[in-house]
Amino acid sequence: MAEHGSLAAAYRPNHDENARQQFVGALKAYLNGPLEGKLAADYDNVAAPAYAAEHGHAPADRDEGRDALSNRLLYQLWGATVFTSQDLMWETVNDTCCRVLPEFQSRRAAIDEPIGSLTLNPDLELPTPIRDVEIHRQPGGYFDSVGDSLLTGLRYFGTVELYRAAKGLSTGAATGAPGMGFYLLEAVKRRFGDIQPKRILDLGCGPGTETVAFKLAFPDAEVHGVDLSAPLLNFAHTWAEDNGHAIHFRQADARDTGFEAGSFDLIVSNILFHETWHDIVPGIMREAHRLLAPGGVFLNGDTPYQPGQIPVPKQVTNNWQVVNNGEPFWTGFADMRMADELIAAGFDADNVFADYDPLGSGVFHIFGARAPGGGA
């Protein structure tokens, strides 16, 4: 297996850890696949007809669908097992993370002449309710550690690796390979094949592993990553430096990044918006509009769970995740029309797009806009 750098080799679950993580991955794959399929069939064949007989109409939305399913034993079993699987995921990944953490800390301490940069802002006011939420039910959330801790980012990284293995995406791929970053670049290329960005910004870059894709694709470009979480950014900087990538990470609110207007030819985000409170979205859109250079591109990828895209039982299970499983902003994002948000932020309607691109056996929501003017 090819590795990006020594830290990729350092993250290696031992035999027992790997066995437990494979079990959790298989369990989650079953819950999110075959068992949800059985639940959808139970909804179609039993729950929805029973609701219609009582109310005179079939369930019209996720709230009525939830009412139809709430007393079904299969729905209760699904929910209880999904909740437990999330606990198991963090427990099993944490074992590996705590074991390899000293190696990551040692590598960070060895960064004496960084080729990129890390700028933290201890006075940054974290927006509510994001600062108060344990996203994905990650213990302590994204802000649980002091700024120089790597464990928060390492835990996030470990769960991504678990999911990649469960979905078969890690076979033959490097540990920490930026698959979604390259996917977003392909989405950019399909729409704007002429773009040759000199400055790139990854909004909500998290642990920074996907940000690497933009540097690999455009090695001469100046690449920046912005996130609210100091611990995640500390991991991102350590990962990039250890892999030899000159990337500049900054702790900032995506609504007020501190960069000059017209600074970037390409601005991207991966799953930023479904982890962002809906009231914050307009400010992010306005900031992206301000930051784009003439001809620049703003492109985002996120979950394809808008109500018009999925059947009612899937809307119900998604909303269960919002209420119970650390996805508190998922439904708010799904209910928004991103093209409208982009236009409201100042982007020209003729240059706005909101599409669904193929991803595996499903699709991914791709939305954004291009600024008018010269080529990027």
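**View 1. Strands β5 and β6 run parallel and are joined by six bridges.** Within this pair, Leu266 has Val297 of β6 as its bridge partner. On its other flank in this view, β5 is joined to β2 by four bridges, again in the parallel sense, and Asp202 stands opposite Val268 of β5. Seven of the seven residues of β5 are buried, so the strand is largely enclosed by the rest of the structure; buried means under 20% relative accessible area, exposed over 50%, and partly exposed in between, using a 1.4 Å probe and protein chains only. Strands here are DSSP E runs of at least two residues and helices are H or I runs of at least four, numbered from the N terminus; two strands pair if DSSP finds at least two bridges between them.

A word on the model: it is predicted, with local features needing pLDDT of at least 70 and side-chain atom pairs counting only at pLDDT 80 or more, while totals for chains, interfaces and linings use all residues. Residues are numbered from 1 along each chain as its sequence is written, and side-chain values use heavy atoms, leaving out hydrogens and water.

**View 2. Eight strands make up an open, mixed sheet in the order β1-β4-β3-β2-β5-β6-β8-β7.** At the edges stand β1 (117-119) and β7 (352-359), each with a single partner strand, so one side of each has no neighbour in the sheet. From one strand to the next, the twist averages 20°. Elsewhere in the sheet, β3 (residues 222-227) and β4 (residues 247-251) pair in the parallel sense over five bridges. Look for His224, whose bridge partner in β4 is His248.

View 3. Axes are lines fitted to C-alpha atoms, for helices over the stretch in contact, and angles run from 0 to 180 degrees between N-to-C directions.

**View 4. Helices α2 and α4 both bend.** Helix α4 (residues 73-109) has 37 residues and spans 52 Å from its first C-alpha to its last, close to the expected 54 Å, which is 1.5 Å times one less than the number of residues. At Val100, α4 bends by about 45°, and Pro102 follows within four residues. Helix α2 (residues 15-55) has a kink of about 50° centred on Tyr43. The bend at a residue is the angle between axes fitted to the seven residues ending there and the seven starting there. Just after α2, Gly56 takes a positive phi of about 85°.

**View 5. Asn318 sits in helix α10 (residues 312-324), and Pro328 in the loop between α10 and α11 (330-334).** Asn318 counts as buried, at 8% relative accessibility. Beyond its neighbours within four places in sequence, Asn318 contacts Tyr305, Ile310 and Trp330. Pro328 is partly exposed, with a relative accessible area of 25%. Setting aside residues up to four places away in sequence, Pro328 touches Val133, Ile135, Trp277 and Val322.

Technical notes: Contact means heavy atoms within 4.5 Å.
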